[in-house]
2 protein chains.
Amino acid sequence: MSTPVYDVAILGSGMAGSMLSAVLARNGVKVLLIDAGTHPRFAVGESTIPYTSALVKIVAERYQVPELHSLENFKGIAENISPMCGKKRNFGFVYHREGQPHDPAQINEIVLPQVEQRMESHLFRQDVDAYLFHLAVGYGAEPHTGTRVTDIDFHPGKGVRLRTDQGATFHAKYLVDGSGYRSPVAQKFGLRDQPTRARHHSRSMFTHMIGVTPFDDAAAARGHTQPSAWHHGTLHHVFDGGWLWVIPFDNYEQSRNPLCSVGLTLDERVFPASDLTPQQEFDNFLARFPEIAEQFRGARAVRPWASTGERMQYSSSRTVGDRYCLTSHAAGFIDALYSRGLTNTVEVVNALAARLIDASRDDDWSTERFEYIERLQQGLFDIHDDLAYSSFVSFRDYELWNAVERVWESTNYLPWQVLERAYARFLATRDEQILRDLDNREVPGLPDPIGREIAALVTYTRETCQAVEAGELASGEAAKRIFAQLRQAEWLPEPWERANPDNKFFAASPQLFSLAEEWGRTKAPAHVAPLFR
Amino acid sequence: MSTPVYDVAILGSGMAGSMLSAVLARNGVKVLLIDAGTHPRFAVGESTIPYTSALVKIVAERYQVPELHSLENFKGIAENISPMCGKKRNFGFVYHREGQPHDPAQINEIVLPQVEQRMESHLFRQDVDAYLFHLAVGYGAEPHTGTRVTDIDFHPGKGVRLRTDQGATFHAKYLVDGSGYRSPVAQKFGLRDQPTRARHHSRSMFTHMIGVTPFDDAAAARGHTQPSAWHHGTLHHVFDGGWLWVIPFDNYEQSRNPLCSVGLTLDERVFPASDLTPQQEFDNFLARFPEIAEQFRGARAVRPWASTGERMQYSSSRTVGDRYCLTSHAAGFIDALYSRGLTNTVEVVNALAARLIDASRDDDWSTERFEYIERLQQGLFDIHDDLAYSSFVSFRDYELWNAVERVWESTNYLPWQVLERAYARFLATRDEQILRDLDNREVPGLPDPIGREIAALVTYTRETCQAVEAGELASGEAAKRIFAQLRQAEWLPEPWERANPDNKFFAASPQLFSLAEEWGRTKAPAHVAPLFR
């Protein structure tokens, strides 16, 4: 085999592949970026969360890619990337029961911080992905789009040779497979779990629509008292057997985008796949849920529906091997629920980039150096699986869903604060060890010092939901037990009342944060207190 | 055949199909819009001219589609459609001879009006096309993208039945084929001229690039004295056998787009097609023209090159038949030179929409009603063919090119003024006959009162260039004869000096316009004078 020409070859120029390419190229790594498709293109994974945005600014600062700072809040995105993205001011959940009128008390909402430098976004992915791709190419990554890899040959201890349908041959020292379900590396090495180890079951269909009415204007929203309008955030209609997302891009005055992202995700055991088109399935679904249907009267898909057809969960027995790594969606997928796909993508880019830069500087690509990536990705997968699985079980009964939703809420605040504190300390000291520690955790995907406790809560919730699903436990009793766990969780700021079933809204207001600060000073356990200073 | 469900079915949701759909749907016509592809997508046809923009505002006002006003100048586009478009402040031409240093005197430039409401644009087509498509759907056109038409059956006097690869059947009273080269209607009825009647010969390859250096910064641009920077407009590198376009999207401070459109168009008889990839061909071409190459050092294509492969001219014996019409690019194509594709598209939409609206109101779809569209499209094709043919012949000798470029210039000013005056009169009177007269001309594509005279000049130029190509006339002598014609053209404002070979720049400044106004008052022929009031 001749000398490799590239340090790292990356398959897939989506968000993961392009962001990683930009970071690597910026740091002197010779990058080859191959994609079977081209930009611009439709993609989902549109809803950011504070944890994602905190990761983005860490990546921007740690790897000195200032252009990534534009991606860390809505303002930067709107001004520097695209005016086609939406504002995400909240996470909203509206619970429905087929054949029954919606109970206006069965809603939950998290209102995100409303300050400019913290505003979350509904990413119009075609523009964001192209921005990142152009960033990578601008930093010197060598792009070959419209190019399919036909052969991958690994030469142990040396690297990889790629052949393409364009007749080219490339050599690289390391291969990152950032593609997706049809990952060529997973296929080559038979890495897919058969069947998947995921407990969660679902299939999905999604598109972009024009003419979606804000749910706030629907009759079913009368009597709602949540603090932030549904259309100002990511709306989840929740029901036994699935959920439906509405992600508006058209939800602020200066928006240039008349579209909303709409997706219907169904447990395929409850709603089996059929020969119907996705539009017909969607119409049939709306006929069963007339209160959801109201906001889609006059709405029209502006592109063909994408559909996973069958169950969409997949996982891999390994995600890291000799001279290769599969990144998030090439490694596995659970569900769009809770917008964890984007987060996992950036988390893996952050942890993997440092290791690839080091490996390329040392010319040492030994697999041990990437072992954490394996643990990280498998850990992220399992946590997401537990959360999605528990949620779908809970959808049978609002009381249980109300409890599981709080568990999901609880996985967010503190990890986000850990990142913010680390970022602030890094800016003050420029001590890279602070960031290296972040991506070398005891519980992958859940940062110290509260990773173990959150993981235990998630596991408890999943086990409780398993008992419900097995018919061993009534859903009401399960809800009580989970709320009891939440009450006992000393690391959760008590003034936020997340363990109170009746307190269904959480607005991340300055008042609530100052209450939490006081709690941090006076009552919080020692290991948590610093997060509230 | 069952009752048609749609009035008009339109194939292709590009600029022509989407704009026409929006206009028709807005006016109560039931529209079906089918496209084999989806948005977003790459397209070329990026450079607007004042005539195009004047047509756009006429369409917006005439058909009461206010959203189209955003497309009539750069400001509206940047604020309401996309911040990814470039500013087009000039048309620039730089002449090169292989193997010889560039002569800095061999340049030409038209500087367009610099006022906000007249600023021309480099359209980032993926965004503009999606805007128009969403506009059409928003007005009620029924979209089916990702859908290929497999069967077209005309039922004389009744309409058309379409079957698709999605298993659907649609009926419509009229079919507009707005697709392109592979027009299903042209194929069905064998409408393509075999061979094409076009005199012009060329093939083309094009892409979007990042990292293109403004030509103003290249060594070859030293000594240039043109009034407006090359990178502020659409730059044409011109040479014997072809031309190369550079259309910057990155040419103003607030641009969010780092790309330039780059295209190389070659006479396939001078530069025969080969087995090389377009990138290799482009690299080889740059090696032959090192002064052009300078601005591409460090530039990189961010998408696969598109290539026509062989000669790209095609034409149709008819473009209108019983219950169908082929619009511009489904009917024929000449060359991207002079940005006439966009103009022709809007011109045909403008003339066709009124006829379709009338036909649908009267339920009378007889072919005679569309005869003008046939004449218009064939006329537009032939004028463009004459201009492109003459230009390519002239590229052998700067002196001759300098003359032909003036002929092209001369086809622009007065027709543009005709539209502006008609638009102003329409706004003042709301008399629709003013606009109906515009699209019912003696010389299609060249408005009265100067259509005949411009057509005669274009024909003379083409015949002169034919004599040069046949070896019957020296190029220098041909140039002299064409300049003599320009000097005799009484309808050309004499103070503009377009017949002076040494006056290579035309800046559409207030001063030049007031000189022309004075000329209009004192010296202009009676039929032209009103255009300068």
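**Notebook: domains, chains and a helix pair**

I started with the domains of chain A: the centres of domain 1 and domain 2 of chain A, taken over C-alpha atoms, are 26 Å apart. This is a predicted model, where local features need pLDDT of at least 70, side-chain atom pairs count only at pLDDT 80 or more, and totals for chains, interfaces and linings use all residues. Residues are numbered from 1 along each chain as its sequence is written, chains are lettered from A and ligands numbered from 1 in the order in which they are written, and side-chain values use heavy atoms, with hydrogens and water left out.

**Domain interface, chain A**

I noted the bounds: domain 1 of chain A is 94-113 + 201-307, and domain 2 is 392-431 + 446-533. Such bounds come from an automatic or database domain assignment. I then looked up the contacts (heavy atoms within 4.5 Å): 26 residues of domain 1 of chain A touch 18 residues of domain 2 of chain A. Between them the two domains of chain A bury about 1,600 Å², with 62% of it on carbon and sulfur atoms. Buried area here is the accessible area (1.4 Å probe) that two parts lose on being put together, summed over both. On the domain 1 side of chain A, Y95(A), N108(A) and I110(A) lose the most area to domain 2, together 34% of what that side buries.

For salt bridges I used a side-chain nitrogen of Lys or Arg within 4 Å of a carboxyl oxygen of Asp or Glu. The rule finds one across this domain interface of chain A. I also looked up E469(A), which forms a salt bridge with R269(A), the closest N and O atoms being 4.0 Å apart.

**Chain A against chain B**

Here I get 31 residues of chain A in contact with 31 residues of chain B. The chains A and B bury about 2,300 Å² between them, 55% of it on carbon and sulfur atoms. I count two salt bridges between chain A and chain B. I looked up the pair E142(B) and R300(A), a salt bridge whose closest N and O atoms are 2.9 Å apart.

**Helix pair, chain B**

I checked helix 9 (residues 340-362) and helix 10 (residues 371-394) of chain B: their axes come within 10 Å and cross at roughly 170°. That makes helix 9 of chain B roughly antiparallel to helix 10 of chain B (over 145 degrees). The contact residues of this pair in chain B divide into nine nonpolar, three polar and three charged.

I found a cis peptide bond from H39(A) to P40(A), omega near 0°; P40(A) lies in the loop between strand 2 (31-34) and helix 2 (50-62) of chain A. The bond from D448(A) to P449(A) is cis too, with omega near 5°. I also noted R430(A), not a glycine, with a positive phi of about 55°.

Note on methods. Axes fitted to C-alpha atoms, helices over the stretch in contact; angles between N-to-C directions. Helix = DSSP H or I, 4+ residues; strand = E, 2+ residues; numbered from the N terminus. Parallel < 35°, antiparallel > 145°, perpendicular 65-115°, else oblique. Nonpolar A, V, L, I, M, F, W, Y, C, P; charged D, E, K, R; others polar.
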